[in-house]
Amino acid sequence: SWELEPSRPRVLLAASGSVAAIKFESLCRVFSEWAEVRAVATKSSLHFVDRSSLPSDVILYTDDDEWSTWTKIGDEVLHIELRKWADIMVIAPLSANTLSKPLSFQHRLTFH
Ligand SMILES: Cc1cc2nc3c(=O)[nH]c(=O)nc-3n(C[C@H](O)[C@H](O)[C@H](O)COP(=O)(O)O)c2cc1C
């Protein structure tokens, strides 16, 4: 039809190393029903996520990609490009370790 599809929200879905990350594939599929999804995964979460099971249109980035795509000043930086791309970032599942990171940032803003 000539009607334009309304654009879908861009969601950056992030997995951290909780055992619940075995459900990350399902999360990607459910979000993909209404959003454009890109995924990031911590090294620990990769013990639980089966990369080959993710929907084929969901690109999964890891910390290694951050460094393999950057060699010199002036090159695009992956986390900045993803930040520009995304409308929102959702961290699910959230490990206690990853939870502590924004909390310590908040702590620094508040107390130092
Ligand atoms: C089998 C297994 C299950 C785990 N489940 C959890 C969990 O449910 N929640 C949690 O916070 N950490 C859990 N952990 C510990 C995290 O994987 C660990 O703290 C890791 O450093 C988290 O790293 P990340 O936050 O960079 O993903 C589990 C570890 C293992 C080996």
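**Briefing: core, strands and ligand shell**

A15 touches A21, F24, A39, A41, T42, S45, V49 and P93, leaving aside residues up to four places away in sequence. Contact here means that two C-beta atoms, placed from the backbone, lie within 7 Å. This is a predicted model: local features need pLDDT of at least 70, side-chain atom pairs count only at pLDDT 80 or more, and totals for chains, interfaces and linings use all residues. Residue numbers start from 1 along each chain as its sequence is written.

**Overall layout**
- The chain has four helices and four strands. These are DSSP runs numbered from the N terminus: helices are H or I with at least four residues, strands are E with at least two.
- Along the sequence, the pattern reads β-α-β-β-α-α-β-α.
- The C-alpha trace spans about 55 × 35 × 30 Å along its principal axes.
- Of the contacts in the chain with a separation of 6 or more, 69% join residues 24 or more positions apart.

**Burial and core**
- Buried residues make up 19% of the 112 residues in the chain. A residue is buried if 20 or more other C-beta atoms lie within 10 Å of its own, exposed if 12 or fewer, and partly exposed in between; C-beta atoms are placed from the backbone.
- The largest nonpolar core has 14 residues, and L13, A15, C28 and A39 have the most contacts inside it. Two or more core residues come from each of strand 1 (10-15), helix 1 (24-32) and strand 2 (36-41). Strand 1 gives the most, with five residues.
- A nonpolar core is a set of buried Ala, Val, Leu, Ile, Met, Phe, Trp, Tyr and Cys residues joined through C-beta atoms within 7 Å.

**Strand pairing**
- Strand 2 is largely enclosed by the rest of the structure, because five of its six residues are buried.
- Strand 1 and strand 2 pair in the parallel sense over six bridges; pairing requires that DSSP finds at least two bridges. R10 stands opposite E36 in strand 2.
- From strand 1 the chain crosses through helix 1 to strand 2, and this β-α-β crossover is right-handed.
- Strand 2 also pairs with strand 3 (residues 59-61), in the parallel sense over three bridges. V40 has Y61 in strand 3 as its bridge partner.

**Ligand shell**
- The residues around the ligand are S16, G17, S18, V19, A20, T42, S44, S45, S95, A96, N97 and T98. The cut-off is a C-beta atom, placed from the backbone, within 6 Å.
- By class, this shell has three nonpolar, nine polar and no charged residues.

Notes:
Ala, Val, Leu, Ile, Met, Phe, Trp, Tyr, Cys and Pro count as nonpolar, Asp, Glu, Lys and Arg as charged, and the others, Gly among them, as polar. A crossover is right-handed if, with the strands pointing away from the viewer, the path from the first strand over the helix to the second runs clockwise.
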